Amino acid sequence: MRHLWSFLAGVVAAPLSWALIALGQDGSARTVTRWVELGTYNTANLIQATVYLAVAGVLLGLLGTLRVSPLGPLVAGLLLVAPYVGLFVDPFTVRDAVPTNWKVFGDPLPLLQVLDNGTMFLIGVLLLMATFSVQRWRQWPRTVTAPVPAESGVDEPTPTDWSVLNNPPEHDIHPPTLGYPEPDTAPLPPLPRRDAGSPTGSPWSAPPRSSAKRDDSADSPSL
């Protein structure tokens with residue numbers, strides 16, 4: 001299918017580019033000649049001819065560079081080269097077959113001018129050379145989509161490394177510093193309360209009381 005569309009594009013582009021180039025060359029030549037005769041110029045008079053030439057250049061450029069099918073530039077190149085080659089065989093018959101009284105928007109369409117100065121032959125050869133590109137004859141590579149893996153019920157672990165959080169290092173991970181260490185603001189645990197009768201009591205604590213009572217009558221002298 002792509003060869004058919006390329007063939008139709010080549011059949012349409014060949015005569016259309018011939019007419020656009022003829023209009024652009026004739027308008028540009030007459031404008032510049034008029035400037036020389038008057039000794040002054042107005043660039044606005046050259047815009048119309050420039051537009052014709054630009055459209056023809058874009059048309060031929062797309063036909064010769066787009067990787068659609070080589071059949072289009074091949075057909076267009078043969079159609080543009082054939083009239084000039086016919087000048088070697090029977091130039092008067094070929095020139096008589098070209099219409100000379102056509103007009104486009106009131107401007108004459110000098111198709112013979114493009115044929116006589118060899119512009120058609122030059123463009124036709126350029127299009128024929130575009131068909132020798134090996135890449136144009138290859139088909140477009142098909143895009144292969146990668147298979148999507150099936151989703152499983154098990155959640156895959158994230159690439160985040162949680163091993164450091166689960167098993168923190170024993171050594172201090174704070175960077176070394178030359179300043180004084182920060183004071184420990186955590187409250188100290190309270191000292192254990194010591195009872196008076198505890199053997200581990202302080203030497204300044206009260207002595208333990210004996211459970212046996214002192215017998216004062218034994219110490220007193222008898223009368």
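Helix H1 contributes six residues to the lining of the largest pocket, the largest share from any element, in what is a predicted model. The pocket holds about 170 Å³ of space, and 14 residues line it, with Gly 27, Arg 30, Gln 48, Ala 49 and Asp 107 lying nearest its centre. Besides H1, the elements that give two or more residues to this lining are H2 and strand E2, which spans 107–108. Sorted by class, the lining of the largest pocket comprises seven nonpolar, four polar and three charged residues.

Helix H1, covering residues 2–38, packs against helix H2, covering residues 47–65, at an angle of about 155°, and their axes are 8 Å apart. Because an angle over 145 degrees counts as roughly antiparallel, H1 is described as roughly antiparallel to H2. The crossing in which H1 passes H2 is left-handed.

The contact itself can be followed residue by residue along each helix. On the H1 side it involves Ala 9, Gly 10, Ala 13, Leu 16, Ser 17, Leu 20, Ile 21, Leu 23, Gly 24, Gln 25, Gly 27 and Ser 28, and these meet Ala 49, Tyr 52, Leu 53, Val 55, Ala 56, Leu 59, Leu 60 and Leu 63 on the H2 side. By class, the residues of this contact of H1 with H2 divide into 14 nonpolar and six polar, with no charged residue among them.

Conventions. Residues are numbered from 1 along each chain as its sequence is written. This is a predicted model: local features need pLDDT of at least 70, side-chain atom pairs count only at pLDDT 80 or more; totals for chains, interfaces and linings use all residues. Side-chain values use heavy atoms; hydrogens and water are left out. Axes are lines fitted to C-alpha atoms, for helices over the stretch in contact, and angles run from 0 to 180 degrees between N-to-C directions. Helices (H or I, at least four residues) and strands (E, at least two) are DSSP runs, numbered from the N terminus. Angles under 35 degrees count as roughly parallel, over 145 as roughly antiparallel, 65 to 115 as roughly perpendicular and the rest as oblique. A crossing is left-handed if the near helix is turned anticlockwise from the far one by less than a right angle, and right-handed if clockwise. Contact means heavy atoms within 4.5 Å. Ala, Val, Leu, Ile, Met, Phe, Trp, Tyr, Cys and Pro count as nonpolar, Asp, Glu, Lys and Arg as charged, and the others, Gly among them, as polar. On a 1 Å grid over the protein atoms alone, a cavity is a set of points where a 1.4 Å probe fits but cannot get out, and a pocket is an open set with protein on both sides within 12 Å along at least five of seven lines; lining residues have an atom within 4 Å of a point. Grid points are joined across faces, edges and corners, and a volume is the space filled by probe spheres set on the points.
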